[in-house]
Amino acid sequence: MTTDDTVAARGTAAPPASPWRSPRFRLFFTARSASLLADGMLMVSVTTSVLGAGFGATGVGYALAAWMAPIVVLILFGGVLADRFTPQVMMVGADAVRVVTMLVMAALFAGGGVRLWQIMALMGVSGAATAMFQPGLASIVPRVAEDIQRANALLRVSESMATLIGPGLAGFLVAYGDLAGSFVVIAVAYAVSAGGLLPLRRLSAGGAVEGDPDEDGTTEGGADKGGAVDESDDPMWRRLATGWHEFRSRTWLWGVISLWAVYGLFVFGPSLPLGAALLTEQHGATGYGWIASADGLGTIIGGLLGMRVRPRRPLVAGVCAMFFFALNPLAPALGWNFALTAVTGVVAGCGFAFWGVMWATSVQSHIPLAVLSRVSAYDIAGSIMVIPLGRALAGPAAESFGADRVLLFSSAVSFVLLAAMLCVPAIRGLARLDRPTRDAARDPGRPSAREPERVAGKESSAAAEA
């Protein structure tokens, strides 16, 4: 492990406290784990329910599209509203909407005679709530944990566990219970999420709950509240423009997202559908299930590594780990045996999870809290918007060129794009910050006077305090 450049320059600095020492992080971790479990169950429950109702694969596609479309359209507005009204308020409200939506879904299936348009409408409402929920996640982590990297690693492990447990739990409930029961359990999980977030509704930019005692028994009066709530009267379009300015003013940020969008189109898009088809053909449905589980195990290992390894240049370390993910489409394309493919899944999952920890930590520590939700919304939008297109084009491309050749192309593109990231000086030189930028909301684009901003890995002098 290495120390941050700033810490080394100052000579002495205590390491950040463990996230588990913070009651606020424990609440957030519980809430996030419940929400992830519900998300993991939702897709399986919806798919099996739509098929069981007799709407076929086409109905499944319509239902999932109805959920995804509002996320793509509304995610940027979710970031604006999270910065305006605090992420906690938006997330609790979103969970409340999802609880009601899932209970209505359960009632429809319990009563029988459900229509496809009803499922689509409810999934659309759930997707809109998700768009209001997601952007605030990034800006809560620096408010509840001093050690941002370890907090992100713990959340990544929780996400991996939910990915493994959620679909299986939903399948069990559908197989041995009933369709309505699975949606009731999802509603309960979202309610637990809201319950964990509710005590954090007055969390300030500095991480303290206004008027509540801190761990040391003292009371913080909500200093720097302006960093948590944008109190200006700017209209929505101006807030969006401010978020866009913050996003495009950082070369390392828009550079990664630009390349990541291409990655989503040519790598993430084809890898899942074509990889699943080839692996099932080569190793059977059971073999594919074990390989998918190996990938999940790898993401847990990657999250645990993210708790321990603290590179000076987190994006460089994350990109190097992502090179292992290029093996994911390569294994089915070359028809490797089961054991080697399973090992490849572990390694690929580990690299992907470690990259996720490094990326989330970099964004949360270098972007001022006052605009972090908006910047996170641009990050999410740029990352996911083209993946559905990549998946839609995967089938026709496989018919024209062969699934194995498409996946070989995906693997090659993965190597090229990751190498391109390392060639960008601003990405290659971004240094780690152990503590987040907590700039005041009056001028969120101005570098903090307390935390020197890294540009291409070089420390620049901070502006004088007003």
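Hi everyone, let me begin at Gly112, the residue that follows helix H4 and has a positive phi, near 80°. Helices here are DSSP runs of H or I with at least four residues, numbered from the N terminus. This is a predicted model, where local features need pLDDT of at least 70 and side-chain atom pairs 80 or more, while totals for chains, interfaces and linings use all residues. Residues are numbered from 1 along each chain as its sequence is written, and side-chain values use heavy atoms, without hydrogens or water.

Back to H4, residues 87–111. How far should its 25 residues span? At 1.5 Å a residue (times one less than the number of residues), the answer is 36 Å, and the end C-alpha atoms are 36 Å apart, which agrees.

Next, a helix pair. The axes of H9 (residues 236–248) and H10 (residues 251–308) come within 6 Å and cross at roughly 90°, with axes fitted to C-alpha atoms over the stretch in contact and angles running from 0 to 180 degrees between N-to-C directions. So H9 is roughly perpendicular to H10, a label for 65 to 115 degrees. Glu246, Phe247 and Arg248 of H9 meet Leu253, Trp254 and Ile257 of H10, contact being heavy atoms within 4.5 Å.

Now Ser373, in helix H14 (residues 372–384). Is Ser373 buried or exposed? Its relative accessible area is 0%, so Ser373 is buried (under 20%; exposed is over 50%, partly exposed in between, with a 1.4 Å probe and protein chains only). Its contacts beyond four places in sequence include Gly79, Asp83, Pro135 and Ser139.

Terms used: Helix = DSSP H or I, 4+ residues; strand = E, 2+ residues; numbered from the N terminus. Parallel < 35°, antiparallel > 145°, perpendicular 65-115°, else oblique.
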